[in-house]
Amino acid sequence: MEKEILNSSYDVTDLTSLEKLEPVRIRPGMYIGSTGSKGLHHCVWEVLDNAIDEITNGFGDTAIVLLNKDKSVTVVDNGRGVPTGIHPIKKKSGVEMVYTELHTGGKFDNKNYKTSGGLHGVGAAVVNALSKWLEVEVYQNGKIYRQRFEYAMDKQLKKLMPGTPVTKLEIIGETDKTGTKVTFMPDDEVFSSIDFKFDVIDERLKELAFQNKGIKLKFIDDRKEENIIKEYYSERGLLDFIEYLNESKTPIHQEPILFSGEKEIDGIKMYGEACIQFTDSSTEYIASYVNNIPTTEAGTHETGFKTGMTRAYKEWAKKLGLVKEKDKEFEGDDLREGMTAIVRIKISNPMFEGQTKTKLGNNEAYTMMNELAYIRFSEWIEDNKEIATAVINNALDAAARREKIRKINEAEKKKIGKGAAPLAGKIAVCTLKDNTQTEFIVVEGDSAGGSAKQARDRRFQTIMPSKGKIMNTEKQKLENVLASEELKIFNAAIGTGTLDNYKEKDLRYDKIIIMSDADVDGYHIRTLWMTYIYRYMRPLIANGHLYLAQPPLYKVYKNTKSGEVSQYAYSDQELEQAKKKIGKGALIQRYKGLGEMNPEQLWDTTLNPETRTLYQVNIDDAAKAEKMVSLLMGDVVEPRKKYLYKYAEF
């Protein structure tokens, strides 16, 4: 590669300064995480968080999200409305400040909001910066105020700038309402797609209603001929939420554990709340939130909750005579087997890691939730000794299984050390050692696996043929899962370990790709692999390593004097387009499976990075993912039957 020649002189004239909202436009990922679907929806959350903050601090009771026909989004609340007065120093209206200046808001000194999800004061301005246009209406003082912003020419700077005010704050009418209405059009030059997903917004509104009992939320999707209207309201809050999450699980106690408490540490006010129910599942699930924001990477509040809970149960295990002084104790992981919990905290000065707010860092939150969980669990155990005994006995069984699994794993490591690795003869390993460039491809069937081994680029693609369907790991005990030969091979090849032993630094491949037939059986195989990875190696998904290959359904071709002209089609819609392109006399080959393709075809359609289609698997919403895995793969039949009747295309 030719080396780029850089400027050898470097002085003050080489320095550039980004103006106003330009930094957001240049580096959107710093503010919203990504410019994919997740970042697109994050813009809605930023505006919605402001509306919810108003409501949860006692101003108004309703928020509405509206998806418009033109692909713009509207969020309305009946709070106090963004301040419309002129700032004495800035000489601008409050509306213009909030939507054009980063770090402007009323949430920094706790005078206007006790707690808020929109902490950084950048949300509204960021959404404006990443939109083609944004319009704000404020209902206040008996008047309707409106201002419009666009990606337009800034007269002062004489260049195109994001979030430029194209009107002043105007009074356009009178009203007896209060509140704010924000409509924005995401810029399709920033985002890979501006198609909002109904299910993602629906799930977020559902969670917000569960977390904030008594508030009214409304969702209107006006993009189709018949608009969809949904309303959300929860009378019992977290009790309704845990019932929803555990719909496909069997609880071992009907009445969930619910507790809350308040505390102030070093001037930081906090309110903590948790709802817990133990089930017969073999896995734990904790949904944690800070000021209504999902903390998918957990943080100090969740760690404090776990520590306090473990301490209470360990003490009571000894008091109840279930564990003697010399006995080997259970660990927190053993105790939480089968537990579903919702842990939420409201805090006046949260410290998040990054603007996307996925991990809490306050030590005060750890102290508060640790004490609260310890005290409340101790009280609950004293009043519910029979259920607590069952939970402790389950933890002791889990600890014994963990020890058994540890011995199995050690034995496997010794085998590998002696050269008896489970990979021998099963996997075609790539030659490249740089794991940021390599791919591990699980291929359905020995026949397709053989073709894939011939077709692959052996420098960076490793192939593992899979016999067919692995076990449904959602229904299996941990020791059965780890004893599975096929999963042992997969685990040994990936290298990360599973569950709490997972180590990202030991990952040997950048992409893990599931490659199965484009039929019902193939989709089932995908689902079984995704269920296993979701339960046992979830960071693979969270960190963006899991992909699904998309093999073609059809080959459309025609033999001509100069040779074969062909095109592959991955859907019925693409088939029609391919037929038109190939023209009269086009022949169609329908692929029933990967095994029908020769190595050359498999490379062209499914393995070649330049021509293939890969779908990245992500967890947009952890609570929904948890519920769907349990619903579709678990033991409880009735909720699955309801879901299939509602969504399956019979």
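**Salt bridges and an open sheet**

Asp521 is partly exposed, with a relative accessible area of 41%; here buried means under 20% relative accessible area, exposed over 50%, and partly exposed in between, with a 1.4 Å probe and protein chains only. The model is a predicted one, in which local features need pLDDT of at least 70 and side-chain atom pairs count only at pLDDT 80 or more, while totals for chains, interfaces and linings use all residues. Residues are numbered from 1 along each chain as its sequence is written, and side-chain values use heavy atoms, with hydrogens and water left out.

To which residue does the side chain of Asp521 form a salt bridge? The partner is Lys469, at 3.1 Å from N to O. A salt bridge is a side-chain nitrogen of Lys or Arg within 4 Å of a carboxyl oxygen of Asp or Glu. This pair links distant parts of the chain, 52 residues apart: Asp521 is in helix H15 (residues 520–536), and Lys469 is in the loop between strand E16 (461–466) and helix H13 (478–483). Helices (H or I, at least four residues) and strands (E, at least two) are DSSP runs, numbered from the N terminus. Lys469 is also partly exposed, at 43% relative accessibility.

A second pair joins Glu564 and Lys555, at 3.0 Å from N to O. Glu564 is partly exposed, with a relative accessible area of 44%, whereas Lys555 is buried, at 9%.

I turn now to the sheet. It is an open sheet of 5 strands in the order E10-E11-E14-E12-E13, with mixed pairing. Its edge strands are E10 and E13 (293–294), each of which pairs on one side only. Two strands pair if DSSP finds at least two bridges between them.

Strand E11 (residues 268–278) is mostly covered, with 9 of its 11 residues buried. E11 pairs with E10 (residues 257–265) in the antiparallel sense over 9 bridges, and Leu258 stands opposite Cys275 in E11. In the hairpin of E10 and E11, Asp266 takes a positive phi near 50°.

E11 also pairs with E14 (residues 339–347), antiparallel over 9 bridges. Here Glu273 stands opposite Arg344, and the two form a salt bridge with their closest N and O atoms 2.8 Å apart. Because Arg344 lies in E14 and Glu273 in E11, the pair ties together parts that are 71 residues apart in sequence. Both Arg344 and Glu273 are buried.
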